[in-house]
Amino acid sequence: MASNEEHPQPATLLPYSEMIMAAIDALDEKNGSNKSAISKYMESTYGELPPSHPSLLAAHLVRMKESGELVMVKNNYMRPGPDAPPKRGRGRPPKPKVPLPPGAAPPTPRPRGRPPKAKDPLAAAVAKAASGLPRPRGRPPKKTRPTVAGAGPASSGAAPPPSGVKRGRGRPPKVKPQFADVGFA
């Protein structure tokens, strides 16, 4: 309870924004009221203000100026005139809406997100048929093609491997040419 005795808060203290508006109205200066005049009026009218009064007053004045409740002209704060435009928020302003001709239906808004893919009935049938069969693990076996004699790589001089004999893995060994042993004299 000792902390309450150090900083007694009066129960009748109005919110700062209301006290500032009352001070500006009561001072009723033509060019507006500066921060020190507002502060002196608040101290004389409301008596005991919190010890952080100067920083609270400054923060509230800045917030009220940014929200459009007050206008600052030459370091003086005043209420905005009745014909002043309302303070606009941050960001890009919205586009003006074009009025619809009478009797026209309002346009339907586009759905959000990416449009769904077109469904191919053939692809759906193939996927459904293939999903029922379990696939074996690993790489699928290589399909053998029947070779025709005199066509393709067989006519280039390289002999095709004999059918029925499986080729080994990796690079085949280098073929050594067979020459007759003829001595050079």
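What you see here is a predicted model. Within it, residues 24 or more positions apart supply 49% of the contacts in the protein with a separation of 6 or more. The chain has 185 residues, and 11% of them count as buried. Its accessible surface comes to about 17600 Å², and carbon and sulfur atoms hold 58% of that area.

The protein contains five helices and two strands. Reading from the N terminus on, their order is α-α-α-α-β-β-α.

Start with α2 and α3. How do their axes cross? The two axes come within 9 Å and cross at roughly 105°. Since angles of 65 to 115 degrees count as roughly perpendicular, α2 and α3 are therefore roughly perpendicular to each other. On the α2 side, the residues in contact are Y16, M19, I20, A22, A23, I24, A26 and L27, and they meet A37, I38, Y41, M42 and Y46 in α3.

Now turn to the loop that links these two helices. S33 is found in the loop between α2 and α3. Is S33 buried or exposed? Buried means under 20% relative accessible area, so S33, at 1% relative accessibility, counts as buried. Leaving aside residues up to four places away in sequence, S33 touches I24, L27, I38, N76 and Y77.

At 63% relative accessibility, D28 counts as exposed, because the cut-off for exposed is over 50%. What about its backbone? D28 has a positive phi of about 50°, although it is not a glycine. As background, most residues other than glycine have a negative phi.

K74 is another residue to look at for its backbone. K74 is not a glycine either, and has a positive phi of about 50°. You will find K74 in the loop between β1 (71–73) and β2 (76–78). K74 is exposed, with a relative accessible area of 77%.

Next, follow α3 to its meeting with α4. The axes of α3 and helix α4 (residues 53–67) come within 11 Å and cross at roughly 125°. K35, I38, S39, M42 and E43 make the contact from α3, while H53, L57, A58 and L61 make it from α4.

Finally, pick out S39 in this contact. S39 is found in helix α3 (residues 35–46). Which residues does S39 touch, not counting residues up to four places away in sequence? They are H53 and L57, and both of them belong to the α4 side of the helix contact. With H53, the side chain of S39 also forms a polar contact of 3.0 Å to the partner side chain. S39 is buried, with a relative accessible area of 15%.

Notes:
Residues are numbered from 1 along each chain as its sequence is written. This is a predicted model: local features need pLDDT of at least 70, side-chain atom pairs count only at pLDDT 80 or more; totals for chains, interfaces and linings use all residues. Side-chain values use heavy atoms; hydrogens and water are left out. Helices (H or I, at least four residues) and strands (E, at least two) are DSSP runs, numbered from the N terminus. Buried means under 20% relative accessible area, exposed over 50%, partly exposed in between (1.4 Å probe, protein chains only). Contact means heavy atoms within 4.5 Å. Accessible areas come from the Shrake-Rupley method with a 1.4 Å probe; for residues, only the protein chains shown count as cover. A polar contact is a pair of N or O atoms within 3.5 Å; within protein, one must be able to donate a hydrogen and the other to accept it, and residues adjacent in sequence count only if both atoms are side-chain atoms. Axes are lines fitted to C-alpha atoms, for helices over the stretch in contact, and angles run from 0 to 180 degrees between N-to-C directions. Angles under 35 degrees count as roughly parallel, over 145 as roughly antiparallel, 65 to 115 as roughly perpendicular and the rest as oblique.
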